[in-house]
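Hi everyone, thanks for coming. Let's look at a structure together and take it piece by piece.

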Amino acid sequence: TPYGFLVGNFIGRASWRPGRGPLTFSFTRDSVKDTQLSYSGLRDPGSATAFFPGNIWGGVVANTANVQYARGDLSSGFYAGAGGQYITGFHVLDNRRYDGSMGAYFRVYTAPEYGSLNIGANFFAMHYTTNLQAFTYGMGGYFSPHAYFLANMPVTWSGHYMTRWHYNILGSFGIQAFQQNSEPLYPLDQAIEISQNNPSLPNLTSVGPNYDLRGQVAYAIRDHWFVGGFAGANNSRNYT
């Protein structure tokens, strides 16, 4: 992970697609980038003294195994997948996640001189064994609901202008629901928990709209060389 982080980790990824068939197995060890706490780690100001800057905690990594089945081409296709994560951090309670997804897409319009329009349907669900969203000592600072479900409809336009400008725009709209369970705010330090009168994260249930907007554009400077940019916005995580 980046040099200078309070918590350093080795990360990597590998994938295997037997015989170029419809099955893909992927294995990933990566940082949880939801917040500064989960990504790089922080110092606990409550333990700081004139001679000690404070205890370090955070730097969460997710060890992921996933399998996906997908068939299709440019005009249509479908996919389904399932996976699991074992999530660890420095002085952060260990956690586990299980998830599954399925969906399909169809090309509904093509204009050779301008681009093409795809519409799809997507379903995603996940479960964490522990809610570690808080930022207290021992928590991970990442979105980890007991139950999460998302159903949405992605709409993608991939187009070009003349021969050098290329762009795509994705808008996904649907509904999401999640439930976060109550958890002690100091899960690894019972003495602190007791001294603070046993505080805990409250139960939370949320049902509402979901959106995901993304776009990118590239300009061909010459053969094989492009310059471009991208932007995105979504509310898939419970943060502002």
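Predicted model: local features only at pLDDT ≥ 70, side-chain atom pairs only at ≥ 80, totals over all residues.

Residues are numbered from 1 along each chain as its sequence is written, and side-chain values use heavy atoms, with hydrogens and water left out.

Back to Asn-95. Its side chain also makes a polar contact with the side chain of Tyr-142, at 3.1 Å. By polar contact I mean a pair of N or O atoms within 3.5 Å; within protein, one must be able to donate a hydrogen and the other to accept it, and residues adjacent in sequence count only if both atoms are side-chain atoms.

Where does Asn-95 sit? Its place is in strand E6, residues 92-111. Strands here are DSSP runs of at least two residues, numbered from the N terminus. Is Asn-95 buried or exposed? Asn-95 is buried, because its relative accessible area is 0%, and buried means under 20% (1.4 Å probe, protein chains only). Leaving aside neighbours within four places in sequence, its contacts (heavy atoms within 4.5 Å) include Tyr-128, Thr-129 and Ser-144.

Now, empty space. Rolling a probe the size of a water molecule over the atoms shows where it is left. The largest cavity has a volume of about 30 Å³. A cavity is a set of points on a 1 Å grid, over the protein atoms alone, where a 1.4 Å probe fits but cannot get out; points are joined across faces, edges and corners, and the volume is the space filled by probe spheres set on them.

**Out in the open**

Last stop: strand E13, residues 225-234. How many of its ten residues are buried? Zero, so E13 lies largely in the open. Ten bridges join E13 to strand E12, residues 204-222, and the two run antiparallel; strands pair if DSSP finds at least two bridges between them. One example is Val-217, whose bridge partner in E13 is Gly-229. The hairpin of E12 and E13 has two residues between the strands, and His-224 takes a positive phi near 75° there.

Notes:
Buried < 20%, exposed > 50% of the residue type's maximum accessible area, 1.4 Å probe, protein only. Helix = DSSP H or I, 4+ residues; strand = E, 2+ residues; numbered from the N terminus. 1 Å grid on protein atoms, 1.4 Å probe; cavity = no way out; pocket = protein on both sides within 12 Å on 5 of 7 lines; lining within 4 Å.
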